[in-house]
Amino acid sequence: MATMKDVAKLAGVSVGSVSNVFNGVKVKKSTYDKVISAVKELDYETNNLARSFKLNHTNTIAIIVPTIWHPFFSSIIFYIEEIAEKNGYRVFLCNSNGRADNELNYIKMLRKNKVDGIIAITYTDIDSYVEGSLPFVSIDRHFKDDISIVSSDNFEGGKLAAKKLSEKGAKTLLFVGSHNLRSNETTKRRLGFETYCIDNHIDYYIIDLLEPHNNFTKDLKVLMEEHPEIDGIFAINDYVGLDIIDTLKQLGKEILVDYQLIGFDGIKMSRERGYLLSTIVQPVEEIAHQAFEILIKQINNPEYSEQKILPIKFAEGGTTY
C-alpha cells in the first residue's frame, strides 16, 4: 500500500508538500502537478480508501443549494466541484428547492453517509441542526459566530450600485428586491443602497417584498406610474433586473431611454460572453474556493471557524450609460 512518503519520493517533493496538496492548501502549480502525477502512478487514492474510512474520512463533501436553476448557485457548484476534484474529493449535490424539510433530510442523510463536511447556501430555519452536525461552511448567511461563512461584501455592493447610478446621471433611484424572514447577507444590499442615498441626499424609493412572494409586477407598475421621475433602478439580483425590464416595457418605458438599471451577481450566459446587465459582480470562483479551503481546515481541526467577506466590483453590461 502506497504511503505519503512514497508519493513524496516519486514526486520529488517533501511530505509536507504532499500533505498540503491533500488538505487543500495552496502550493506551486509545478508541485501540485508532480504530486497528482505521483498519486495517479501509485494509485494512491484507491489503495488508501480503506484507510480513509478507518480514519473516519471519506474524502467526500456535500453542497446544499436552494436551486440549481439560478446561475449564481450553479456557478458556485461548478467551482466547488472543480477545486474538490483537484484535491481528491468527491461531491454530493443536494438541491433543496428552498425547503427547510428537504435541507434537514439532506443533513440527516449526509450524517449517515459519513461525508466529511457540508457547504450550504440556505435561507431556511435549520439553525439548530447546523451546530455540531458536521464541519459546515455557510455561503451568504450568518448563523452563529462559530459557524464559518463566506460571502461577498453585499453592503458595499448596494452602496456601489447607488453610487454608479448617481454618477451616471440618475436623479431619483429605486431599489427592487425581496427578503426572507431569516436574516442573510443579501438583505445588506438594500441597506448599502439606502445608506448611500441618505448620505448623499438622493431621492429614492423601495420595493422590498417578503418571500416567497416575489412578483414585483403590480408594485412596480403602481410606483412607476405614481413616480415617473424614477430614472435609476437597483435590482437585488440580475434575474430580478431582467424581470424589471420586461415589466417596464408594458408601461412603454425603455432601458437607457427612460431609465438605467444595475443588478447584482454578474450573470453571464457563458464564460466567453459579457454580462447580461450592468451589475455588481460577486467573485464567485473565489467564494467557492474560500468555502472549500475553510471546510478542509475544519475537517482537520473541528474547532476551526472563519468568517470571510470578499470584495465586489461593478461591471458595465449595457443597462447603464
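Asp265 lies in strand 9 (residues 260-265), where strands (E, at least two residues) and helices (H or I, at least four residues) are DSSP runs numbered from the N terminus. The model is a predicted one, in which local features need pLDDT of at least 70 and side-chain atom pairs count only at pLDDT 80 or more, while totals for chains, interfaces and linings use all residues. Residues are numbered from 1 along each chain as its sequence is written, and side-chain values use heavy atoms, with hydrogens and water left out.

The relative accessible area of Asp265 is 6%, so this residue is buried (under 20% relative accessible area; exposed means over 50% and partly exposed in between, with a 1.4 Å probe and protein chains only). Phi of Asp265 is near 130°, a positive value in a residue other than glycine. A positive phi in a non-glycine residue is also found at His201, where the value is near 55°. His201 is placed in the loop between helix 10 (188-199) and strand 7 (203-210). With a relative accessibility of 73%, His201 counts as exposed.

Two strands pair if DSSP finds at least two bridges between them. Leu174 has Ile233 in strand 8 as its bridge partner.

Helix packing was examined next. Two packed helices are described by the angle between their axes and the distance between the axes. Axes are lines fitted to C-alpha atoms, for helices over the stretch in contact, and angles run from 0 to 180 degrees between N-to-C directions. The axes of helix 1 (residues 4-11) and helix 3 come within 8 Å and cross at roughly 120°. Helix 1 is therefore oblique to helix 3 (angles under 35 degrees count as roughly parallel, over 145 as roughly antiparallel, 65 to 115 as roughly perpendicular and the rest as oblique). In this contact, Asp6, Val7, Leu10 and Ala11 of helix 1 meet Lys34, Val35, Ala38, Val39, Glu41 and Leu42 of helix 3. Seven of the residues in the contact are nonpolar, none is polar and three are charged; Ala, Val, Leu, Ile, Met, Phe, Trp, Tyr, Cys and Pro count as nonpolar, Asp, Glu, Lys and Arg as charged, and the others, Gly among them, as polar.

Helix 3 (residues 29-42) also packs with helix 2 (residues 15-22), at an angle of about 85° and with the axes 10 Å apart. Helix 2 and helix 3 are therefore roughly perpendicular. Ser17, Val18, Val21 and Phe22 of helix 2 meet Thr31, Tyr32, Val35, Ile36 and Val39 of helix 3. This contact comprises seven nonpolar, two polar and no charged residues.

His289 is found in helix 13 (residues 284-300) and is buried, with a relative accessible area of 19%. Leaving aside residues up to four places away in sequence, His289 touches Tyr79, Glu82 and Ile83.

Technical notes. Contact means heavy atoms within 4.5 Å.
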